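Trainee: Could we go through this structure together? I would like to start with strand pairing and then turn to other topics.

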Amino acid sequence: MTYFHFRMTRVIVTLFATLLAASFAAPVARAASEEITVFTDSGVDKPFVIATAKAFMKAHPDIQVTVHFGPTGTEGDKLVKSKLAIGKMDDVFLYNSGSLFQSLDPTKNLVDLTDEPWQSTVVSSFYPTVSIGAKIYGAPMGTAVGGGILYNKVIYKKLNLKVPLTWAQFMANNVKVKKAGLIPVIQTYKDSWTAQLFILADQFNVQATNPNFAAEFTSHKTHIATTPAAFAGFQHLEDVKKAGYLNKDYASATLNKGISYLATGKGAHYPMLTFAAETIVKDYPKLAENIGFFAQPGTSAKRNGLTLWMPAGLFIPNTTVHLNTAKKFIAFAVSPAAIAAINSVSTPTGPYLIKGAKYPGRLSSIATDMLSYTKSNGKCAPALEFLSPLKGPNLEKIAVRVGSGIITAKQGAAAYHKDLHKEGRRLGLPAW
């Protein structure tokens, strides 16, 4: 899976066979007075759901929780929609937040959870990703992933650099890094999706300038090419290339090569998602603490903040016959006991979007740096794909062309506008 958005008849026919072949029930012998089922795919969130279910049953011996697993990817997506369509969805299910959540027709298919008491414990930046209008339909499970700049702290210390809060400060740091004979900005266009970071991780800065940008963007009332804050990401790609700040092999380098340059001190900055922390800790355990993280700088030091790729959401279908128990399960899933259960099976690589969540003592330096942005409201914003259903499929290719100097930032933004127009029409958005 990537963090950039991650046979109907056949799916319906095979639905129950799939669930029968991939289910989890623990423990077998229980004197439970009630049973609920929870559905998730078999991806990265699977151990979180299992751990939460076990902890919930320990706290509620009278309730049996059976977890059903489905496939990942497109097949899993279609399975969720099929189960909702035929009224056979489990009592609770885990699914994407953001634009894919909106495709579930929440007002028709899901239970409104707006007034549940536990909503006050959820970090407010998560709300827009599971909301329709003023109604909130979900709760977060797992951690968010941040988009910004991974940096080598040893290089920063040696060159007496400070973490930049503005793009001008970032570029000034790059001047000093280049003079030291090191790579200022690592880029890895062989894995073309990585070229998008300067654009997508800039969403906090876009929203800070125009809080209504996502809605205006979706309704075609504003354009990236003519909105300075939104256009800035394309300009950043052009600027670092023109300044000669990239590694010489930027066109052929892969994600793993970029991580290697950063971890071994050959390069200072790598625009990346914080999920890379897991690879850094695994492949460079003795060097991992040398790598830090900061949010992508914008134009204002006072408005500096983090763009987040949000965790999946827990939802309740309106067909459940165990509504009170399903609500009880979700309330538990955002409690300290559930967070502790998840921590026991996974090391967080980003922030929980639950106020006061506790973290194990073995957090990476990258994850620790991320947490500083989540401790107060107003320092985080969801990536655009969690606020709008519209994302052009060719953005990564366009970003590579801009970042390689093949086309200008203005040409790239114009090309992306055409890409968005085609996608908007494919999605049936009236304004496009």
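Trainee: Which residue in β10 is the bridge partner of leucine 150?

Mentor: The bridge partner of leucine 150 is tyrosine 270. Please keep in mind that this is a predicted model.

Trainee: In which sense do β8 and β10 pair, parallel or antiparallel?

Mentor: Strand β8, residues 145–152, pairs with β10 in the antiparallel sense, over five bridges.

Trainee: And what about β9 and β10, parallel or antiparallel?

Mentor: Those two pair in the parallel sense over two bridges, β9 being residues 183–185. Valine 185 has histidine 269 of β10 as its bridge partner.

Trainee: How many residues of β10 are buried?

Mentor: Seven of the seven are buried, so β10 is largely enclosed by the rest of the structure.

Trainee: Where is threonine 274 placed?

Mentor: Threonine 274 is in the loop between β10 (267–273) and α13 (276–283).

Trainee: Does it count as buried or exposed, and why?

Mentor: Threonine 274 counts as buried because its relative accessibility is 0%, and the cut-off for buried is under 20%.

Trainee: Which residues does threonine 274 touch, leaving out those up to four places away in sequence?

Mentor: Its contacts are Val145, Gly146, Phe293, Thr349, Ile366 and Met370.

Trainee: Changing topic: how much space lies in the largest cavity?

Mentor: The largest cavity holds about 180 Å³. Its lining has 17 residues, and those nearest the centre are Ile199, Leu200, Gln203, Ile224 and Leu384.

Trainee: Which element gives the largest share of that lining?

Mentor: Helix α11 does, with three residues. By type, the lining divides into 12 nonpolar, two polar and three charged residues.

Note on methods: Residues numbered from 1 in each chain as written. Predicted model: local features only at pLDDT ≥ 70, side-chain atom pairs only at ≥ 80, totals over all residues. Heavy atoms only, no water. Helix = DSSP H or I, 4+ residues; strand = E, 2+ residues; numbered from the N terminus. Buried < 20%, exposed > 50% of the residue type's maximum accessible area, 1.4 Å probe, protein only. Contact = heavy atoms within 4.5 Å. 1 Å grid on protein atoms, 1.4 Å probe; cavity = no way out; pocket = protein on both sides within 12 Å on 5 of 7 lines; lining within 4 Å. Points joined across faces, edges and corners; volume = space filled by probe spheres on them. Nonpolar A, V, L, I, M, F, W, Y, C, P; charged D, E, K, R; others polar. Pairing = 2+ DSSP bridges.
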